[in-house]
Amino acid sequence: MHSLLLKKSPFTDVSIQEIVQQIKGKQVAQKKFPFLLKDGIVFPPQLSLEQSSSDKTAFYKSNILKGKKFIDLTSGFGIDAFYLSKNFEDVTLVEQNTELLNLVEHNWNVLHKKARFINQKLEDFLNENTENFDVIYLDPARRDLNRNKVFLLEHLSPNILDIQDKLLSLSKQVVVKLSPLIDLKYLTSVLKNVARIDIIAVKNDVKEVVVFLSKENSQHIKCHCINLESEESDLIFEFGSEENAHSEFSEPEKFIYIPNNTILKAGIFNLISKKFNLKKLHPNTHIYTSENKINNFPGRVFEMEVIDGKEIKKKSQFNIISKNYPLKPEEIKKKYGLKDGGNDYLIFTQSKKGKIILKSV
């Protein structure tokens with residue numbers, strides 16, 4: 001790609017930089033939103049591509065929201081808006097970047113998708129707007145003026161804390177997409193009328209935290225843990241219920257359970273034990289066990305046995321998992337002379353009695 005930038009554009013009205021931008025855009029689209037791999041689609045600069053949702057997470061959210069009037073106040077490249085608006089008759093996109101909005105409008109025409117496009121700062125739009133909407137959606141910018149990542153709501157653009165009252169005066173439901181690194185307790189302490197929080201992962205990689213604000217909030221916040229492109233069941237629990245849950249402890253039994261990353265993000269280490277009637281190995285080891293197999297667990301399930309390190313043969317092939325153990329997987333491989341991969345697993349961890357090694361059966 002760098003060598004291409006040194007070449008001269010074959011077109012008089014298109015720069016080599018613009019050509020490279022479109023090549024990069026198609027490369028991102030192949031993995032992130034392949035529905036845009038159509039003739040006539042134009043891609044924005046790299047930062048807009050990075051900040052866009054994938055079609056997988058956008059499609060998931062589209063199945064939750066419906067109504068008559070939808071507005072995306074921070075439309076960006078419009079991936080979320082394209083999917084989320086499918087169950088609405090009236091669609092509005094607000095974006096302050098003129099070039100980006102024109103590009104999105106062009107792409108939507110290519111895709112035969114209708115909307116009203118408003119080129120305006122979000123704050124100015126809110127001051128002038130007199131309409132109400134069934135759903136308001138926002139994906140605040142998570143970078144400061146120096147393009148450094150920021151996480152607290154007061155540092156985002158727009159500042160959700162400043163405008164949450166205004167948003168709730170215009171819609172019964174406000175949906176905000178946030179960083180997967182956001183702290184959930186912090187969220188519920190600073191946001192008003194939180195009704196629901198979704199932790200969304202794709203193949204066990206947490207991609208986003210989505211917060212639903214509602215005028216009709218019953219004071220009971222539902223949290224949904226979703227791991228897309230997996231065979232794992234979703235888990236729904238009431239936020240705050242972890243505080244009243246307690247775990248029992250046990251040495252490893254026949255089956256071993258490792259929660260997926262949405263569960264770890266939610267921090268429901270005792271609740272997961274209580275809900276599935278599982279025992280933990282150690283207070284700081286988020287690995288669970290049972291004698292009989294439990295179905296619908298949101299994570300990986302292994303049938304395993306405890307072994308001595310002396311039983312591990314050099315040059316054997318294993319997938320290695322290290323949890324609450326002094327050595328990292330790479331260090332374990334080096335110590336025991338192991339190859340990575342295959343169908344068998346070794347888990348290096350701790351129970352209440354000390355360090356243990358588990359081997360898949």
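**Reading the sheet, cores and spaces**

Mentor: Let's start with a strand pair: S10 and strand S12 (residues 279-282) run parallel and are joined by two bridges. This is a predicted model, in which local features need pLDDT of at least 70 and side-chain atom pairs count only at pLDDT 80 or more, while totals for chains, interfaces and linings use all residues. Residues are numbered from 1 along each chain as its sequence is written, and side-chain values use heavy atoms, with hydrogens and water left out.

Trainee: Which residue of S12 is the bridge partner of Phe-249?

Mentor: In general, strands of a sheet pair through backbone hydrogen bonds, either parallel or antiparallel. Strands here are DSSP runs (E, at least two residues), as are helices (H or I, at least four), numbered from the N terminus; two strands pair if DSSP finds at least two bridges between them. Here, Phe-249 is bridged to Lys-280 of S12.

Trainee: What is the strand order of the open sheet of eight strands?

Mentor: The order is S10-S12-S13-S11-S14-S17-S16-S15, and the pairing is mixed. Strand S10 (248-249) and strand S15 (317-322) are the edge strands, each pairing on one side only.

Trainee: How many residues are in the largest nonpolar core?

Mentor: A nonpolar core is a set of buried Ala, Val, Leu, Ile, Met, Phe, Trp, Tyr and Cys residues joined through side-chain atoms within 4.5 Å. Buried means under 20% relative accessible area, exposed over 50%, and partly exposed in between (1.4 Å probe, protein chains only). The largest core has 51 residues, and Leu-73, Ile-136, Leu-138 and Leu-187 have the most contacts inside it. Helix H8 (residues 160-170) gives the most to this core, with five residues. A second, separate core has 37 residues, including Phe-43, Ala-81, Tyr-83 and Val-104.

Trainee: Is Lys-38 buried, partly exposed or exposed?

Mentor: Lys-38 has a relative accessible area of 42%, so Lys-38 is partly exposed. Lys-38 is found in the loop between helix H2 (16-32) and helix H3 (46-51).

Trainee: Which residues line the largest cavity?

Mentor: On a 1 Å grid over the protein atoms alone, a cavity is a set of points where a 1.4 Å probe fits but cannot get out; lining residues have an atom within 4 Å of a point. The lining here is Phe-35, Leu-36, Phe-77, Gly-78, Ile-79, Phe-82, Val-104, Asn-107, Trp-108 and Leu-111. Helix H5 (79-84) and helix H6 (98-110) each supply at least two of the lining residues, with the largest share, three residues, coming from H6.

Key. On a 1 Å grid over the protein atoms alone, a cavity is a set of points where a 1.4 Å probe fits but cannot get out, and a pocket is an open set with protein on both sides within 12 Å along at least five of seven lines; lining residues have an atom within 4 Å of a point.
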